Amino acid sequence: MDVVGLRDLVVPRRDEFLAELEAMVNVDCGSYTPDGVNEIVDMCERRFHDWGWTVDRQPAQIDAQRLGDLLIGRLDGSGGRRVLLVGHTDTVFDPGTARERPFTIEGSIAKGPGVSDMKSGLLTGMFAVQALRDGGIDAFDHITYVCNPDEEIGSPFSGPVIKTLAAEHDVAFVLEGGRENGDIVSARKGITDYTLTVLGRAAHAGVEPERGRSAIAAAADLTTRVQALNGRWPGVTLNVGTIHGGTRTNVVPERCVLELEVRSPVTTALEEAEREIERICAEPSMPDTTVEVERASWHRPMERTDAIASLAARAASFATELGFELHDAATGGASDANTIAAVGTPVLDALGPVGGDDHAPGEWIDLDSVVPRIAVLAGLIGLP
């Protein structure tokens, strides 16, 4: 069996794929819509059971009233690599979105909330494995498929589970949608978020302003100093995204809060930027002010290692056999692939169908890409 043979096994299931995709897209399942997320989880669980997987379903261990369940499927093979698949069951959309703009098909384009990010990707993983089974291919030790309910909010519940599983597997594939030009993703920037609380001294702004220390003025200077770090390290971006402080115009403000995001393609540069930010905060330029620093390192960078490059080359080779070109790229966005790469497991991302306008009203996928992308993923999972 080769990848062309796998494609031929996928073709008869295309209508089944589209019917399931329509059902999924027409469910509202924002991260904080647990009933909707669990409806998608129910669909995934039924398919796992129907196709012979064993299933572990876990309610959220944090924020349980607001998050849906984590679903983990496992399928054993005859021997070989341990393969991890990761997709997510949540979207960014509020309740009522699916009713306002349900699943539609216009020519070769399907639209609807979450169609690219990432309901079509969820199904791609399942149908790829089933193509292997239809072809009698089980040259893997086992496949573990994580259906993550909270990816769009940074995977606070599922992230630690994915990290643990990643260390127990030889290779991983994350099923975000392919880029608009068809690229898969071999590198992603890491992200660190800061909450910087500037503390000054309150005073009457008209009677004795000299006794005050303006936290807003100090925060403005801190913003300028932090933003000036842009360009110091290749690919590293820093952005003060929000700033709020003070109480009223006749009071010298004693408190101001900045929210800062840092992104970097390389771990060493991210760590250097973190140290410099914290040095600046420890040495405020205005006297009698201090800065409290709260750091949240959501994602470390996914760097394009030799092992990841080898996976990307193999995917491109399969695409060539199927008659199209496939390239890999770096992107500034983060995903569960960052978590996987951080433990050293080779991982490719954006293996779902080609699509675009994620998180926007025009979100779409190219239906002509569905079958070949499933075949490429099946080849990556199960062909020698």
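Guide: Let's start with a definition: two strands count as paired if DSSP finds at least two bridges between them. Helices (H or I, at least four residues) and strands (E, at least two) are DSSP runs, numbered from the N terminus. This is a predicted model, where local features need pLDDT of at least 70. Residues are numbered from 1 along each chain as its sequence is written.

Visitor: What sense does the pairing of β11 and β13 have, and over how many bridges?

Guide: Strands of a sheet pair through backbone hydrogen bonds, either parallel or antiparallel. Here, β11 (residues 237-245) and β13 pair in the antiparallel sense, over eight bridges.

Visitor: Which residue stands opposite L258 in β9 (residues 190-199)?

Guide: That's L196. β9 and β13 (residues 255-264) are antiparallel too, over ten bridges. Along the β9–β13 pair, T192 faces V262 of β13.

Visitor: What is the order of the strands in the sheet?

Guide: Read across, it goes β11-β13-β9-β14, an open sheet of four strands with antiparallel pairing. β11 and β14 (290-299) are the edges, each pairing on one side only. Ignoring direction, neighbouring strands are turned by 15° against each other on average.

Visitor: Which helix packs on the sheet?

Guide: Helix α7 (residues 215-227) does, touching β9, β11, β13 and β14. Contact means heavy atoms within 4.5 Å. The direction of α7 makes about 170° with that of β11. Axes are lines fitted to C-alpha atoms, for helices over the stretch in contact, with angles from 0 to 180 degrees between N-to-C directions.

Key: Predicted model: local features only at pLDDT ≥ 70, side-chain atom pairs only at ≥ 80, totals over all residues. Heavy atoms only, no water.
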